[in-house]
Amino acid sequence: MDPSEDARKTVLKASRSYYTHLGYYEERTRSAETTKRELDFLEFAFRTHATHEVRDVLDVACGSGRHVLGLAQRGYKCTGQDYTPEQVQMAKTRAKHEGVSIRLLQGDSTKLKFENEFDSVLALYILFLLPDDDGVLACLRQVHRTLKSGGIMVCNIANPFYDGENWFSLKSIQRGHYFNETIVPDMRYTSIDRVQDFDPLHGVAWWQEKHVIEIPDGVHVFHEQERLRLFTYWEMLHYLQVTGFKEIKCYPDWMIKPPKKPKAEWLVFVSRKD
Ligand SMILES: C[S@@+](CC[C@H](N)C(=O)[O-])C[C@H]1O[C@@H](n2cnc3c(N)ncnc32)[C@H](O)[C@@H]1O
């Protein structure tokens, strides 16, 4: 799948452009309840799955910092890194504004520089953006190295079998287009996404996207490309096993007590290093 170095660079360049232009607006459309729910889940995972108290947390693709910020406000010592410098800057600005102290770095989640340093590592909403299998394995291996023994990683993937519509569901990919409109105070965010290319053997889609942002100072239009890789539950489980993780648990949609047959949009994995 996209094996060459050129293809890898194309993926990273597209992702960086997307998050440089749209990270700020996407963050503004996200509800505070969504992040709170995820933070509550993370604390549940720390308490339930780590063998010792979680204090030091690393987020390998922290974006504009919502998880590291929230955890720092709840008393954890946090480090966040992200590939897109503009996202790191946003996280720094938010941390300063909210008066919390977080270490923030620019970096690639497939090239981590830490070793046995963290009680928990987060890889949230990132694995499906990594260029290829080598990238996913490199990221997971390095997260494993970065964790202290008994520490946990929390990561998530989009569920390709989710039967609703969103930009990462197989249903939307097969239909070939996806439209979304979000209205929040002082902003209407419309995205019109068209599948530019889909590789049904490897489950990789390129979306061609038009984002229209209407705010009081005018209308901003961005044309971006985004690449998405679909994973199944079993594939993810296998990756986690071969990269050395033990006690791997999967929770649908951040649900601590899932119903018997949950319909999951997101599969959240909690995995421990022995
Ligand atoms: C969907 S956002 C998720 C951000 C954050 N985890 C959250 O949940 O809000 C994906 C983030 O991954 C970053 N990213 C993409 N490729 C990356 C890579 N190879 N290494 C580190 N960060 C990367 C993007 O810049 C973007 O901020």
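# Close-up views of a predicted model

**View 1. Helices H1 and H3 at the ligand.** Helix H1 (5-29) and helix H3 (66-73) each contribute at least two residues to the shell around the ligand. Helices here are DSSP runs of H or I with at least four residues, strands are runs of E with at least two, and both are numbered from the N terminus. The model is predicted, so local features need pLDDT of at least 70 and side-chain atom pairs count only at pLDDT 80 or more, while totals for chains, interfaces and linings use all residues. Residues are numbered from 1 along each chain as its sequence is written, and side-chain values use heavy atoms, with hydrogens and water left out. H1 provides the largest share of the shell, three residues.

**View 2. The shell around the ligand.** The ligand is surrounded by 21 residues, where a residue is near a molecule if one of its heavy atoms lies within 4 Å of it. The closest are Ala61, Arg66, Asp82, Thr84 and Ser109. By type, the shell holds eleven nonpolar, seven polar and three charged residues. Ala, Val, Leu, Ile, Met, Phe, Trp, Tyr, Cys and Pro count as nonpolar, Asp, Glu, Lys and Arg as charged, and the others, Gly among them, as polar.

View 3. A polar contact here is a pair of N or O atoms within 3.5 Å. In the side chain of aspartate 108, an N or O atom is 3.0 Å from a ligand nitrogen. A ligand nitrogen also lies 3.2 Å from a backbone N or O atom of tyrosine 83. Glutamine 87 places a polar side-chain atom 3.2 Å from an oxygen atom of the ligand. The ligand taken alone exposes 600 Å², of which the protein buries 95%; accessible areas come from the Shrake-Rupley method with a 1.4 Å probe.

**View 4. Glycine 75 in a loop.** Glycine 75 sits in the loop between H3 and strand S2 (77-82). Its relative accessibility is 64%, so glycine 75 counts as exposed; exposed means over 50% relative accessible area, buried under 20%, and partly exposed in between (1.4 Å probe, protein chains only). The C-alpha atom of glycine 75 is 9.7 Å from that of valine 100, 25 residues apart along the chain.

**View 5. Two residues with positive phi.** Most residues other than glycine have a negative phi. Tyrosine 125, in the loop between strand S4 (118-123) and helix H5 (133-146), has a positive phi of about 55°. Aspartate 253 has a positive phi near 50° and lies in the loop between strand S10 (246-252) and strand S11 (266-272). Aspartate 253 is buried, at 13% relative accessible area.

Definitions and conventions. A polar contact is a pair of N or O atoms within 3.5 Å; within protein, one must be able to donate a hydrogen and the other to accept it, and residues adjacent in sequence count only if both atoms are side-chain atoms.
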